[in-house]
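Colleague: I'm new to this one. Can you walk me through it?

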Amino acid sequence: MFVDDPKTLVSTEWLAQHLNDPDLRVLDASWYLPDMGRDPRAEYAAGHIPGARFFDIDDVSDARSDLPHMAPPPEKFMSRLRAMGVGDGHQVVVYDGMGLFSAPRVWWLFKLMGKDDIAVLDGGFAKWQAEGRAVEDMAPMVRDRHMTVRRQAHLVRDVTQVSAAAKLKNTEVIDARSPARFAGEAPEPREGLRAGHIPGSKNVYYRDLLTEGGTLKDNDGLRTVFEAAGVDLSKPAITTCGSGVTAAILSLAMERIGKTDHSLYDGSWSEWGAFATLPVATGPAD
């Protein structure tokens, strides 16, 4: 049975009931890979959930890094969100145009910044539209709202920490990429990256956590997927993927089943696959 939780995942029904709450803020965090051929900002301009503000994952990031959309410094996060009219005391709901793809990344980013009152819209804009719910093409009126941030360092891992975890085998490193990319049988969408995976990591393809309708599976279904991939849920976990986006789907799924000792490798394969000195494994998980 689905349970709405304003700190993890809410249904379209929940959002429809709360859409006019004065302290609710909705974010469209649609983001697509280059080969998907979609323009998230243009899609937002053409139609979005009433009151939604556009959250640009590539803009709200660390401009000092050569890696794609790395988590921004707290000051930049605070500044960008205030400009969107999002601040302390707001309940945030974030969605994307794929159903469940990039929105969990923003959910994780809020958690990283110490903001817990955020949920992903289950099924996203696709489900909202399919149900014939209201859509508008006007940007909302924005009023500045003060925001305080307390970065939660335990929710993110860097390459050194991931390398140590992989060697010690005391933490499950879980890769959200497709089985073909994980095995090194399919090319990476970004040029210059080696093919394969972090030695000792497990493969939980993010799509396996979703139903055919693009919603997150129920808790029993989520546990089954993790266990079928050989993940020991009693160990701490680090999620990873191509560039730190779909890894957050795994993080959200673990949070839903009550597993809270997880962090996200922000550099993901965009970083690991680029360094010749880091070991790479191919084929299925060990």
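Modeller: Start with strand 6 and strand 10 (residues 262-265), which pair in the parallel sense over 2 bridges. Strands here are DSSP runs of E, at least two residues long, and helices are runs of H or I, at least four long, all numbered from the N terminus. Two strands pair if DSSP finds at least two bridges between them.

Colleague: Before we go on, what kind of model is this, and how are residues numbered?

Modeller: This is a predicted model: local features need pLDDT of at least 70, side-chain atom pairs count only at pLDDT 80 or more, and totals for chains, interfaces and linings use all residues. Residues are numbered from 1 along each chain as its sequence is written, and side-chain values use heavy atoms, with hydrogens and water left out.

Colleague: Back to strand 10. Which residue there is the bridge partner of R157?

Modeller: Y265 is the partner of R157.

Colleague: What order do the strands of that open sheet have?

Modeller: The order is 6-10-9-7-8, 5 strands with parallel pairing. Strand 6 (156-157) and strand 8 (202-203) stand at the edges. Each has a single partner strand, so one side of each is left without a neighbour in the sheet.

Colleague: Strand 7 is in there too. Where does D175 lie?

Modeller: D175 lies in strand 7 (residues 172-175). D175 is buried, at 2% relative accessible area. Buried means under 20%, exposed over 50%, and partly exposed in between, with a 1.4 Å probe and protein chains only.

Colleague: What does D175 touch?

Modeller: Leaving out residues up to four places away in sequence, D175 touches several residues, among them F182, H197, K202, Y205 and L250. A contact means heavy atoms within 4.5 Å. The D175 side chain also makes a polar contact with the side chain of R177, at 2.8 Å. Polar contacts are N or O pairs within 3.5 Å; within protein, one atom must be able to donate a hydrogen and the other to accept it, and residues adjacent in sequence count only if both atoms are side-chain atoms.

Colleague: And R177, which ring does it lie over?

Modeller: R177 lies over the face of W269, 4.6 Å from the ring centre. The rule is NZ of Lys or CZ of Arg within 6 Å of the ring centre and within 35 degrees of the ring normal. R256 lies over the face of F2 in turn, at 5.1 Å from the ring centre.

Colleague: Is strand 2 largely enclosed or left open?

Modeller: Largely enclosed by the rest of the structure, because 5 of the 5 residues of strand 2 (residues 24-28) are buried. L24, V26 and D28 cover one side, and R25 and L27 the other.

Colleague: How many bridges join strand 2 to strand 4?

Modeller: Strand 2 and strand 4 (residues 91-95) have 5 bridges, in the parallel sense. R25 stands opposite V92, and D28 has Y95 as its partner in strand 4. In strand 3, the bridge partner of D28 is F54.

Colleague: What touches L15?

Modeller: Beyond its neighbours within four places in sequence, L15 is in contact with L24, V26, I49, V93, L121 and W128. L15 sits in helix 1 (residues 12-18). At 0% relative accessibility, L15 counts as buried.

Colleague: Last one. How many aromatic pairs does a search of the whole structure find?

Modeller: The search finds 6. The rings of W31 and F101 have centres 6.1 Å apart and planes at 20°, so that pair is stacked. Rings of Phe, Tyr and Trp (its six-membered ring) pair if their centres lie within 6.5 Å; planes under 30 degrees apart are stacked, over 60 edge-to-face, and the rest tilted.

Colleague: Which residues form the aromatic cluster?

Modeller: W31, F101, Y205 and Y206 form one cluster.
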